[in-house]
Amino acid sequence: MNNPKKALVLGAGGFIGSHLVKRLKDEGYWVRGADIKKPEYSQTRADEFILGDLCDKIHCHKVLDVPFDEVYQLAADMGGAGYIFTGNHDANVMHNSAGINLNIAGIAQKVGVGKIFYSSSACIYPEYNQLDPENPKCSEESAYPAAPDSEYGWEKLFSERLYLAFHRNYGLNVRIARFHNIFGPNGTWRGGREKAPAAICRKVAETKDGGEIEIWGDGKQTRSFLYIDECLEGVRRLMESDFTGPVNIGSEEMVTINQLAEMTMKIAGKKLSIKHIVGPLGVRGRNSDNKLFAEKMGWSPNQRLEVGLTKTYEWISDRIKK
Ligand code: NAD
């Protein structure tokens, strides 16, 4: 292609960002990646990769120095329940992620980018709508009155509002998605920031048939999990659309954490017992509501959880064998 579109991916060293870079390259984009670290489990395919701290405004000016056609803002101080629900990282989570978004929203507007995507989270939804594990409510308009159960969720809500304010006051061309538990190969699978699917795959892969794995809580809490490829399909469709959002990008296949563990054992061909232990949990129930996305985009994710979980289990168990 003679004059490819130029994209900037912030958080390109992370799980979703590294996959997004690959997807954009496959679509013919010229891509600059930026992160404080390179991807851990793959070589970046970015044409250019700038290492540095996006909390530093001077550094952000270097990263976002030209009017990119598209900017994808995925950089955040984040992790799974063991990182964001313990309370031990609240100050860093709020300060670092809000700092990045304040820098980027302001510079994107001044430089004049074509479009900017912001990755918000299902963690913005109020706890009072997610007490019944069978009937959680996560439709977009139910975000208010706001009552997220974590500082991570409050920062995401603040930053959604920040980008929307730049959209209203300065015409910044924004797209906002609320991701619901994205998983897949090349994601964090150990070390404390991993999320439930990766943690369970690791525990099952490490345990001999007939053994025991530990699960936080009674395992009856519900969630849905979206495979990375479908997440990227949703992001690209949103970016190509005229819809600002915020809109959910998630799966509607809700399972309990016990069911997720049973499904992983089936994939692994192992029978293990589950020991329920005390641990950080998050809300009691959560599921994506895809009505708005389907209405605006004419598509919604439909791959069965087992398909993506099989690929993720194989990737993690291969790493353990090495
Ligand atoms: P990730 O942690 O793998 O990626 C985030 C990246 O941001 C990391 O590579 C990290 O190094 C980078 N980063 C953090 N602070 C930085 C800084 N100061 N300077 C430069 N880089 C910095 O997470 P992910 O799963 O790929 O998530 C991407 C985005 O999607 C995040 O904004 C996250 O909050 C959001 N999100 C993810 C999920 C999910 O299930 N994975 C769900 C909801 C929302």
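Predicted model: local features only at pLDDT ≥ 70, side-chain atom pairs only at ≥ 80, totals over all residues.
Residues are numbered from 1 along each chain as its sequence is written, and side-chain values use heavy atoms, with hydrogens and water left out.

**Stop 1: H4 and H5**

Select residues 90-111 for helix H4 and 151-170 for helix H5. Helices here are DSSP runs (H or I, at least four residues), numbered from the N terminus. The two axes come within 9 Å and cross at roughly 10°. Axes are lines fitted to C-alpha atoms over the stretch in contact, and angles run from 0 to 180 degrees between N-to-C directions. H4 is therefore roughly parallel to H5 (angles under 35 degrees are roughly parallel, over 145 roughly antiparallel, 65 to 115 roughly perpendicular, the rest oblique).

Now show the side chains. On H4, the contact residues include Asp 90, Val 93, Met 94 and Gln 109. On H5, they include Tyr 152, Trp 154, Phe 158 and Tyr 170. Contact means heavy atoms within 4.5 Å. The contact has 13 nonpolar, five polar and three charged residues. Ala, Val, Leu, Ile, Met, Phe, Trp, Tyr, Cys and Pro count as nonpolar, Asp, Glu, Lys and Arg as charged, and the others, Gly among them, as polar.

**Stop 2: the ligand**

A polar side-chain atom of Tyr 152 lies 2.6 Å from a ligand oxygen atom. Next, pick Asp 53: an N or O atom in its side chain is 2.8 Å from a nitrogen atom of the ligand. Then try Ile 36, where a backbone N or O atom lies 3.2 Å from a ligand nitrogen atom. In total, 26 residues surround the ligand (each with a heavy atom within 4 Å of it). Asp 35, Asp 53, Tyr 152, Ile 182 and Lys 195 are the closest.

**Stop 3: H1 and H7**

Select residues 15-26 (H1) and 228-240 (H7). Their axes come within 10 Å and cross at roughly 65°, so H1 is roughly perpendicular to H7. This crossing is right-handed. Phe 15 and Leu 24 are among the H1 residues that meet H7, whose own residues there include Cys 231 and Arg 236.

**Stop 4: H8 and H10**

Finish with residues 257-268 (H8) and 305-321 (H10). The axes come within 10 Å and cross at roughly 60°. H8 and H10 are therefore oblique to each other.

Methods: Helix = DSSP H or I, 4+ residues; strand = E, 2+ residues; numbered from the N terminus. Polar contact = N/O pair within 3.5 Å; in protein donor to acceptor, adjacent residues only side chain to side chain. Left-handed = near helix turned anticlockwise from the far one by under 90°.
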